Amino acid sequence: MSIRYNEKDQTITLLTRSAAYQMQIVPPGYLLHLYYGRRTEEDLSYLYLDHDCGFSPNPWERQDQRGWSLDTLPQEYAGSLGGDFRTPCLELSTDRGIRGADLRYAGHTVTAGKYALSGLPAAWAREGEAETLTVTLADAASGLQAELLYAVFEERDLICRALRLKNTGDQSIRLEKAASVCLDLPFGDWDWIHFSGRHTMERRPERRRLLEGLQGVGSLRGASGHQANPFVILCDREAGEEQGDCYGMMLLYSGSFLAQLEKDQMGAVRLTAGIQPELFSWRLEPGESFETPEALLCFSPEGLGGLSRRYHRFLRQNVCRGYWAERPRPVVLNSWEACYFDVDEERVLALARQAGDLGADVLVLDDGWFGDRRDDHRALGDWTPNPERFPHGLGWLARKVRELGSGFGLWLEPEMVSPDSALYRAHPDWALTVPGRPPTLGRNQLVLDLGREEVQNWIYDTVAGILRSADISYIKWDMNRELTDVYSRVLPPDRQGECVHRYYRGLYSLMERLCRDFPRVLFEGCAGGGGRFDAGILAYFPQIWTSDNTDPVARLGIQEGTGYGYPLSAMAAHVSASPNHQTGRSTPLGTRAMAAMTGAFGYELDPGKLTETERQEIRRQIARWRELESLLRTGELYRLSRPEDPFAAWQLVSTDGGESLLTVCMRAVESNPRPLWLRLRGLRPEGRYRIEWQERAGCLEELSELPEREYAGSALLYAGLTLPPLRGDYPAMQLLLQRTDDNE
Ligand code: GLA
């Protein structure tokens with residue numbers, strides 16, 4: 001039983017392997033949050049003393065207790081205008097002008113399994129893996145009932161949270177804010193980490209001291225965005241890679257979001273996160289319900305690395321679903337950086353010949369194959385092959401590609417429309433535009449109103465038609481601009497605030513239908529690279545194009561940042577040409593492959609322009625990736641370097657500790673460098689390990705190999721391993737350690 005109710009103390013405790021989470025029902029019906037941290041089963045209400053700090057109001061029912069205030073006590077889910085002046089979770093107004101919510105406990109239930117959300121991405125549980133707590137709170141004045149949903153995954157140290165709101169009264173309620181999660185931590189000195197960036201430079205970790213007042217991160221873009229990510233970490237100031245208490249909050253949501261942290265007058269911290277309230281509202285008529293996106297709360301007493309590994313496992317095994325979730329992913333050869341828009345049958349077949357010859361699994365035809373798509377000024381929406389470039393159609397092309405030895409994949413950007421397209425000419429009202437105002441363009445295109453059912457159905461029919469017309473095994477689903485002119489032609493004026501969230505409900509419903517009806521197709525998410533890299537997308541598509549930046553050295557940083565929350569199997573990364581098209585930097589082919597070796601690997605170049613020696617090297621890289629595939633996709637990740645180090649070093653260790661891959665890539669080199677000393681992690685101290693193979697790329701001199709001897713796990717963990725200094729143009733090295741003793 002991971003959920004325990006103590007009737008005497010009126011506490012409810014959620015227990016996971018390493019953590020306890022406790023709340024308490026107190027008169028006159030408030031739900032306080034007592035604790036979240038390392039596991040203890042004690043009633044922790046003793047932590048909170050009555051303390052009149054002045055100007056913090058007390059409830060009417062506690063008129064003789066001036067020191068008892070919602071403003072200073074930790075809340076499980078904070079209403080508004082009820083005496084707590086900190087950031088509220090819920091804001092509303094009714095048609096009778098009532099604002100705010102005074103939430104009082106009305107009951108709770110504990111059930112086996114995980115709660116379900118309708119129409120939103122959500123984690124899933126195998127039998128016996130999760131238990132659900134539903135706590136009902138009610139606001140008498142507005143008639144709003146809030147069900148706080150908690151699914152406890154004991155073994156995973158994960159608690160999923162969401163909120164179900166019901167209008168049980170007789171007034172219409174306008175929701176203005178409905179956070180998915182609230183976490184009040186009463187004591188401590190904290191840092192917080194978020195992941196910021198820009199197009200081609202996504203998800204760089206920013207670690208800051210948590211200061212008094214309000215701070216946070218969010219997106220107003222109608223997408224999670226390149227600039228921010230719906231994932232934040234709160235950690236001890238001393239927390240490092242492998243030590244210290246860390247809390248993670250990750251949203252399964254791809255639209256605009258807001259995550260806020262507030263350190264209050266008492267030094268307590270409130271973390272709230274959910275749909276971005278700016279530009280959001282939702283009308284709830286009597287009898288109607290609304291569910292918020294899900295949030296994944298995770299606690300790690302083993303530092304940031306422990307937090308990452310917990311999220312990786314959970315996302316891989318409890319968020320990703322379907323045929324591809326746990327299967328080896330195909331090695332891809334993508335046409336984009338090889339041809340850009342200049343694609344036709346001949347060029348695609350030439351690439352397919354190369355793909356077959358190199359041993360890639362899928363040849364992906366990227367942008368430029370449909371309608372009059374010569375450049376990015378036109379044709380989004382006209383999803384039929386260009387008859388001059390592809391006179392034989394997609395079915396024929398896919399067959400030919402298969403005959404040449406690989407599967408066939410296709411790029412689509414179904415959420416968009418170019419003003420210069422037959423689709424826009426036929427349905428100008430399907431685009432998000434504000435009547436009477438010229439719309440804003442992004443990459444010369446407009447966004448379709450996915451909140452409309454007819455638009456969803458049209459996209460479904462179009463994509464399903466394409467998938468039925470040809471033997472297509474992979475779809476890259478792109479989204480190359482964000483949402484402006486947020487106005488739907490089919491919503492009444494007082495529902496326009498629902499437009500962005502309805503867009504995402506529409507998108508998720510489309511993704512759900514397509515994944516259900518085409519389970520063997522591998523869908524990869526993309527939004528100008530990693531502009532929508534979030535757990536919401538991963539609930540449908542198990543991998544996402546990490547960044548349009550294919551420079552290995554720059555992307556290493558992006559992969560490192562992404563890896564704080566998201567598993568390697570989710571990160572599609574390719575080897576591209578040198579000099580790199582985004583940065584102009586030249587790097588060795590071997591380094592490019594070592595950097596791109598995530599669980600979703602591939603190439604993004606024209607192999608016809610390479611020498612036979614380079615093609616031979618690619619064949620070897622693909623063979624090596626296949627050998628390592630399971631370790632790369634399911635191994636436990638250990639970061640051995642910090643983003644500011646001149647090298648990036650990371651280790652993947654199989655779950656049984658039997659093998660480990662160490663990769664080191666130099667970001668900068670020095671003259672007369674010191675040897676690189678690394679303490680390895682994740683190995684079994686009692687085990688013995690042998691270097692199975694080692695590989696170098698881009699080194700100035702022939703370095704002597706590390707001795708082919710056995711090492712005690714304890715030696716590698718405690719004393720470390722000394723690597724020869726790496727000099728050259730972005731040199732890199734990889735080595736595989738294999739456990740040699742019996743590890744039963
Ligand atoms: C986006 C993607 C690229 C490529 C182009 C095609 O930018 O991230 O990989 O598919 O679109 O237009």
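A pocket, as I use the word, is an open set of grid points with protein on both sides within 12 Å along at least five of seven lines. The model I am reading is a predicted one.

**Entry: the pocket.** I looked up where the ligand sits. The space it takes is the largest pocket.

**Entry: the shell.** Which residues come nearest to the ligand? I noted Asp 366, Asp 367, Arg 443, Lys 476 and Asp 548, out of 13 residues around the ligand. I then sorted the shell by class. I got 6 charged, 4 nonpolar and 3 polar residues.

Entry: For Asp 548, a polar side-chain atom lies 2.4 Å from a ligand oxygen. Trp 411 has a side-chain N or O atom 3.0 Å from an oxygen of the ligand. For Asn 480, the distance from a polar side-chain atom to a ligand oxygen is 3.1 Å. Next I checked cover. On its own the ligand has 310 Å² of accessible area, and the protein covers 96% of that.

**Entry: aromatic rings.** I turned to ring pairs. Such a pair is described by the distance of the centres and the angle of the planes. I counted 33 aromatic pairs. I picked out Tyr 21 and Tyr 150. Their ring centres are 5.9 Å apart and their planes stand at 65°; planes over 60 degrees apart count as edge-to-face, so this pair is edge-to-face. Where do the two residues lie in the chain? Tyr 21 is in strand β3, residues 19–26, and Tyr 150 is in strand β8, residues 144–153.

Key:
Residues numbered from 1 in each chain as written. Predicted model: local features only at pLDDT ≥ 70, side-chain atom pairs only at ≥ 80, totals over all residues. Heavy atoms only, no water. Near = heavy atom within 4 Å. Polar contact = N/O pair within 3.5 Å; in protein donor to acceptor, adjacent residues only side chain to side chain. Areas by Shrake-Rupley, 256 points an atom, 1.4 Å probe, with all protein chains shown as cover. 1 Å grid on protein atoms, 1.4 Å probe; cavity = no way out; pocket = protein on both sides within 12 Å on 5 of 7 lines; lining within 4 Å. Sits in = over half its atoms within 2 Å of the grid points. Nonpolar A, V, L, I, M, F, W, Y, C, P; charged D, E, K, R; others polar. Phe/Tyr/Trp six-rings, centres within 6.5 Å; stacked < 30°, edge-to-face > 60°. Helix = DSSP H or I, 4+ residues; strand = E, 2+ residues; numbered from the N terminus.
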